[in-house]
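Let me get the model up on the screen, and then I'll walk you through a few spots in it.

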Amino acid sequence: MASPDEFTGPTTELLQALIRNECVNDGTPDSGDETRNADLLVQYLEGAGLEVETFTPRAGRDSLVARIEGSDPDAPSLCLMAHTDVVPVNPDGWRHDPFAGEVIDGEVWGRGAIDMLNLTSSMAVAFRRLATEGFRPKGDLIYFGVADEEAGGVWGAEWMAEHHWDTIDADYVLTELGGWSTVDPHGERAVTINVGEKGLAWRRLRVSGTPGHGSMPFGSDNALVKAAEVVRRLASYRPAAHIDDLWNAQVDAMDLPADVLAGLRSPDHIWETLEALPTAVARTCHAHTHTTFSPNVAHGGQKTNTIPDAIDIDVDIRTVPGTTPDDVDRHLREALGELYDHVEISVLQHSDPTRSEFGEGNPLWDTLTTHTQVAYPGAKLIPGLIVGGTDARFYRNRGRVAYGAGLFSPSMDFASFGTRFHGNDERIDTESLGLSANYFYGIAKDLLT
């Protein structure tokens, strides 16, 4: 029987190397350079005698697939899917070099330490150990190191699903965002496994105006002035809360006063409840219960003395379960009011919310429950909703069961995870690295044997 301590050192070292490769994906087609991390992982896995395939949809954007063949083609298969790219970073906001991958006070610091190179490394370490032990599963075990997750998967999971589906297909999939735990008022620990995710509805809003000389602004039709009001209205818009079984399960596990818990369940009182909570907690609670609108990029204007005739605003919209593209348009009309007719809306990216079945009797859920007990005896699993986007949707859209899973130490709670995700001073404790690698190792052995 393996223990988490056996996995901590190798996972830490691999995570440090992945961080140092700086595979930064800014959303442009030629960013990312995930080939650096793909080459590193290929070398690491081939060292265990595994055959690894690489796939190159665009120069520098490699993904890789390794496989331990199953003995029974009809047996369920499992894919450990992990992305190799990270989001951009402003080093000025960090206390330490975001690409040094240093271990400081028992934590690995660096961009990607949380999202999601920690799991990319722990999955690879578990996979390699199984291979070196001569593991012979009934169903296939796949390691899928995928590029371009941070920009929607166009050059990664989406491209692989369209061109090499048979290579990456699996009945069950484990990927990012899950594994933190909470302790409720009764002292019972619950570990979140994310079974669904919000939809992605990125929109570009082009605000039109009439050009003119900047020295005569009175009465002008200034697109930038209108765009500022568009941004203000989006920021202040309050759509109705979405309270479902996944959110209620999360609330059940929170150690908060009874009146706060009641407020978090109430569509009529949730806003006042959020406003009374610490910002880090309120931010995550709000994202789990609302379709959100975040205007994050603006383009336009030509010259300081020229009134602009067009401003583009890129808005990150994340939709709660059940939201359709028509609902997104309705939200924008409600938020903008009469300005809606002054805006041309185009789609940057769109994917509907997705969700997998879960609960007792589901083989993957049951196996995760069993191996959670290694670190947390008596802990229960609770289902959660990922508020960002992951590559799991490409599997769920084809009817596969995909969960966001991992296993983290008690120090990595709900709020800490949320504040470090895409944030300054991103880091993960080494204890969590060992726990997660041991977790994936045990799950694969049990599920596929």
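So, Val225 and Ala235 are exposed, and they sit on the other side of H6. Quick caveat before I go on: this is a predicted model.

Other side from what, then? The buried residues of H6 are Ala223, Lys226, Ala227, Val230, Arg233 and Leu234. If you look down the axis of H6, those buried residues fall within an arc of 120°, so they line one face of the helix.

Okay, on to the aromatics. How many aromatic pairs does the count come to? The count comes to 7 aromatic pairs. One of them is Phe7 with Tyr441, a tilted pair, 5.4 Å centre to centre with 50° between the planes. That pair links distant parts of the chain, with Phe7 in helix H1 (residues 4–20) and Tyr441 in helix H15 (residues 430–448), 434 residues apart. Buried or exposed, those two, Phe7 and Tyr441? Both Phe7 and Tyr441 are buried.

Then there's Phe127 and Tyr143, with ring centres 6.0 Å apart and planes at 55°, so that pair is tilted. Phe127 is in helix H3 (residues 117–132) and Tyr143 is in strand E6 (residues 141–146), so the pair ties together parts 16 residues apart in sequence. Phe127 comes out at 0% relative accessibility, so it counts as buried, and Tyr143 is at 0% too, so that one counts as buried as well.

We also get a cluster, where ring pairs link Phe358, Trp365 and Tyr403.

While we're on rings, two arginines are worth a look. The charged end of Arg58 sits over the ring of Trp155, 5.1 Å from the ring centre. Arg398 does that with Trp165, its charged end sitting over the ring at 4.7 Å from the centre.

Last stop, two single residues. His371 is in helix H12 (residues 363–372). Why does His371 count as buried? Because its relative accessibility is 12%, and the cut-off for buried is under 20%. Leaving out neighbours within four places in sequence, His371 is in contact with Leu407, Tyr439, Gly442, Ile443 and Asp446.

And then Glu53, which you'll find in strand E1 (residues 52–55). Glu53 is partly exposed, with a relative accessible area of 44%. Not counting residues up to four places away in sequence, Glu53 touches Ser63, Leu64, Val65 and Thr167.

Technical notes: Residues numbered from 1 in each chain as written. Predicted model: local features only at pLDDT ≥ 70, side-chain atom pairs only at ≥ 80, totals over all residues. Heavy atoms only, no water. Phe/Tyr/Trp six-rings, centres within 6.5 Å; stacked < 30°, edge-to-face > 60°. Helix = DSSP H or I, 4+ residues; strand = E, 2+ residues; numbered from the N terminus. Buried < 20%, exposed > 50% of the residue type's maximum accessible area, 1.4 Å probe, protein only. Lys NZ or Arg CZ within 6 Å of the ring centre and 35° of its normal. Arc of directions from axis to C-beta. Contact = heavy atoms within 4.5 Å.
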